[in-house]
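The account moves from the overall architecture to individual residues.

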Amino acid sequence: VRCFSRDPKDGSDAPPTRHMRVQEFREDKDRLRDGWAWVGYSEHVLERTKYRAKKTRRKLHYPSECDIGRAAREAKQKYFENQ
């Protein structure tokens, strides 16, 4: 389907609603709903949060905007140059 800038929005670009995202984690895909799918969804959210936190911690280890981080990076470079 081709869309132009002046076409009215039809809602096809909207993200799925929360209950649809939860039901993606149902155990039996043939059933319409699973009452315990929220457990899988919660585990998925937890794993995603852990991954993002790990990435953030890695980026914040030596932030370039922080004077302490900049000094630590320079000290580390001098240490390895002397080795």
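In what follows, a helix is a DSSP run of H or I spanning at least four residues, a strand is a run of E spanning at least two, and both are numbered from the N terminus. On this basis, the elements of the protein run α-α-α from the N terminus on. The model is a predicted one.

## Overall architecture

The protein contains three helices and zero strands. Helix 1 covers residues 18–23, helix 2 covers residues 37–60, and helix 3 covers residues 67–82. Of the 83 residues, 7% count as buried. The accessible surface comes to about 8200 Å², and carbon and sulfur atoms account for 54% of that area.

Glutamine 23 has its place in helix 1. Its relative accessible area is 15%, which is under the 20% limit, and therefore glutamine 23 counts as buried. When neighbours within four places in sequence are left aside, the contacts of glutamine 23 are Leu32, Arg33, Asp34 and Ala37.

One of these partners, aspartate 34, lies in the loop between helix 1 and helix 2. With its neighbours within four places in sequence again set aside, aspartate 34 is in contact with Gln23, Arg26 and Glu27.

What is the nearest side chain of opposite charge to aspartate 34, and how far away is it? It is arginine 31, at 4.5 Å. Side chains of opposite charge can pair when their charged atoms come close.

Tryptophan 38 is found in helix 2. With 47% relative accessibility, tryptophan 38 counts as partly exposed.

At 35% relative accessibility, serine 42 is partly exposed. Between serine 42 and phenylalanine 25 the C-alpha separation is 9.6 Å, and 17 residues separate the two along the chain.

## Salt bridges

The structure holds two salt bridges.

| glutamate 47 | lysine 50 | 3.4 Å |

Glutamate 47 and lysine 50 both lie in helix 2, three residues apart, or about one turn of the helix. Glutamate 47 is partly exposed at 46% relative accessibility, and lysine 50 is likewise partly exposed at 45%.

Aspartate 67 and arginine 70 both lie in helix 3 and are also three residues apart, about one turn of the helix. Which of the exposure classes applies to aspartate 67? Its relative accessibility is 56%, and because the limit for exposed residues is over 50%, aspartate 67 counts as exposed. Arginine 70, with a relative accessible area of 33%, is partly exposed.

## Aromatic pairs

Rings of Phe, Tyr and Trp are treated as a pair if their centres lie within 6.5 Å. By this rule the count comes to three aromatic pairs. One of them joins tyrosine 79 and phenylalanine 80, whose ring centres are 5.1 Å apart with 80 degrees between the planes. Planes over 60 degrees apart count as edge-to-face, so this pair falls in that class. Tyrosine 79 is partly exposed at 47% relative accessibility, whereas phenylalanine 80 is exposed, with a relative accessible area of 54%.

Methods
Residues are numbered from 1 along each chain as its sequence is written. This is a predicted model: local features need pLDDT of at least 70, side-chain atom pairs count only at pLDDT 80 or more; totals for chains, interfaces and linings use all residues. Side-chain values use heavy atoms; hydrogens and water are left out. Buried means under 20% relative accessible area, exposed over 50%, partly exposed in between (1.4 Å probe, protein chains only). Accessible areas come from the Shrake-Rupley method with a 1.4 Å probe; for residues, only the protein chains shown count as cover. Contact means heavy atoms within 4.5 Å. A salt bridge is a side-chain nitrogen of Lys or Arg within 4 Å of a carboxyl oxygen of Asp or Glu. Rings of Phe, Tyr and Trp (its six-membered ring) pair if their centres lie within 6.5 Å; planes under 30 degrees apart count as stacked, over 60 as edge-to-face and the rest as tilted. Lys and Arg count as positive and Asp and Glu as negative; His and the chain ends are not counted.
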